[in-house]
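Here's a friendly walk through one protein model, for someone meeting it for the first time. Have a look at the sequence and the fold, then read on.

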Amino acid sequence: MDSLTQIVLGAAVGQATIGKKVGNKAILWGAIAGTIPDLDIITKLFTDPVTANELHRGFSHSILFCIITAPIFGWLISKLYKHNEATWKDWGKLMFWGLFTHPILDAFTTWGTQLFWPLPYKISFKNIFVIDPLYTIPFLICVVWAMFYKRTNPKRNKINNTGIIISSAYILITLVFKWYTYGVFKNNLETQQINFQEIQTKPTPFNSILWNANVKTNTAFLIGDYSLFDDKSPITFNTYPKNYHLLGKLNNHPLILRLIKLTEGWYTIEKSGEIFYFNDLRFGLLDKTASSDRFAFSYKIFYDKNGKLHAVERERNMKEVPDLLNNLFQRVIGIKN
C-alpha cells in the first residue's frame, strides 16, 4: 500500500499495543514502524530497475525480518525513554506488530509480498489497489481523532479500535467483491465460448467498484473490465497477442528470464525497430481505450553501445493523468444500455 496508509496502520497498531502506557509516543513509533519495510526502495539508487523490483517486498517484508529487528528496535527506543512506563519488551511488541502488519496489508495488493522469505513465493490476494481512499481516509480520521484524548481516556482506544474495525471490514468487503466479479468474468467467458487457461482479477486504481480481468489463452491475453454498476451487457474482452516469437534468441537471455519470473508469466512483447517492450500485464492498461503500448507497467529492452542488454521502466506521460482519471471515473459509474 501507499506510504500514508502504512503510516496510519502502523500508528493505529502502536496505539492498540501500548497507547495506554505512552500515549502519542506509541502512535509516533507505530507510524515509523509502518514505514520501515518500504525502505527497501532505496535499492533503486544502487541497482538496475529489474533487480530493484526483484528485491522490493522481499526480506524487509518477511516474518523473519520482523522477528529479528523488532527486539532491536524496541531496545533502542527504550533507551530514549528511560523514565517511561513502557519496558523494552513493550516497545519490542509495538515494533513487531507495526512491522508485521505492513506486509500483511501489502499481501492484499497486486504486487504481493514475500512474507515467508527466503522462500521465493509471493502472497498476493489482489483485492485492493495500492492507493484506496475508502480504506485510508476513515482510518486516518479515527487515528487523528484519538490523538486528542489523554492516554488514559477510554474513548481514545475506542476511537482507534473503530478505525481498525472499519478498515478491516472494508478489506473483507473487497474480498467479497473480488469473489463476485470473478464469477461475472468467468460466466461471460463461458457464455462467449472463449477458451481460456487462467483468470486473474484485480481492482482498478483508487476504488473497489471497477474490476479488471487478465485472461490467459494459448496465443494471447484478453483484458476486460466490469463495474459493479454495470448492467447485464456482455463484457468486451480486448485481445493482446503474446508475441513471444519476436524475442527470437533473447527468449533464453538471463535478463528476459528474470523478467518472466518477476511477472509470473503474465507478459506480452512488442517490438519497434531494434527496441523491445516487455509489458507486465499484472497491473493492466493505463486506459482501456488505449493501444497495447499503454500498459501501466512496461520495460524498454535494448542493447547499449557495448552490446549489453538493458531493461528500464518505460516513462509515463504525467500530462495525461487528468484525462486518465476522468476516463476511469466515467467507467467506474458503469455502462447502461
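Two strands count as paired if DSSP finds at least two bridges between them. Helices (H or I, at least four residues) and strands (E, at least two) are DSSP runs, numbered from the N terminus. A word on ground rules: this is a predicted model, where local features need pLDDT of at least 70 and side-chain atom pairs count only at pLDDT 80 or more, while totals for chains, interfaces and linings use all residues. Residues are numbered from 1 along each chain as its sequence is written, and side-chain values use heavy atoms, with hydrogens and water left out.

Let's start with β1, which pairs with strand β2 (residues 210-216) in the antiparallel sense, over six bridges. Within that pairing, you'll find Thr-201 opposite Ala-213 in β2. Both strands belong to an open, antiparallel sheet of four, in the order β1-β2-β3-β4. Its edges are β1 (198-203) and β4 (238-241), each pairing on one side only. On average, neighbouring strands here are turned by 25° against each other, ignoring direction (axes are lines fitted to C-alpha atoms, for helices over the stretch in contact, and angles run from 0 to 180 degrees between N-to-C directions).

What packs on this sheet? Helix α7 (residues 154-191) does, touching β1, β2 and β3 (220-227); contact here means heavy atoms within 4.5 Å. The direction of α7 makes about 50° with that of β2. Helix α9 (residues 321-332) lies across β2 and β3, and runs at about 65° to β3.

Now for the rings. The structure holds 19 aromatic pairs. Rings of Phe, Tyr and Trp (its six-membered ring) pair if their centres lie within 6.5 Å; planes under 30 degrees apart count as stacked, over 60 as edge-to-face and the rest as tilted. One of the pairs is Phe-185 with Tyr-226, an edge-to-face case with 6.4 Å centre to centre and 80° between the planes. Since Phe-185 sits in helix α7 and Tyr-226 in strand β3, the pair ties together parts that are 41 residues apart in sequence. Both Phe-185 and Tyr-226 are buried, a label for under 20% relative accessible area, with exposed over 50% and partly exposed in between (1.4 Å probe, protein chains only).

Lys-242 lies over the face of Phe-221, at 5.3 Å from the ring centre, and Lys-300 lies over the face of Phe-302, at 5.7 Å from the ring centre. The rule is that NZ of Lys or CZ of Arg is within 6 Å of the ring centre and within 35 degrees of the ring normal.

There's another open sheet to visit, made of four strands in the order β5-β6-β7-β8 with antiparallel pairing. Here β5 (267-272) and β8 (309-313) stand at the edges with a single partner strand each, so one side of each has no neighbour in the sheet. Strand β7 (residues 295-303) runs antiparallel to β8, and five bridges join them; Tyr-299 has Glu-313 in β8 as its bridge partner. Helix α8 (residues 254-262) lies across β5, β6 (275-285), β7 and β8, running at about 35° to β8.

How many disulfides does the whole structure hold? A search finds zero, counting any pair of cysteine sulfur atoms within 2.5 Å. Cys-66 counts as buried because its relative accessibility is 0%, and Cys-142 does so at 9%.
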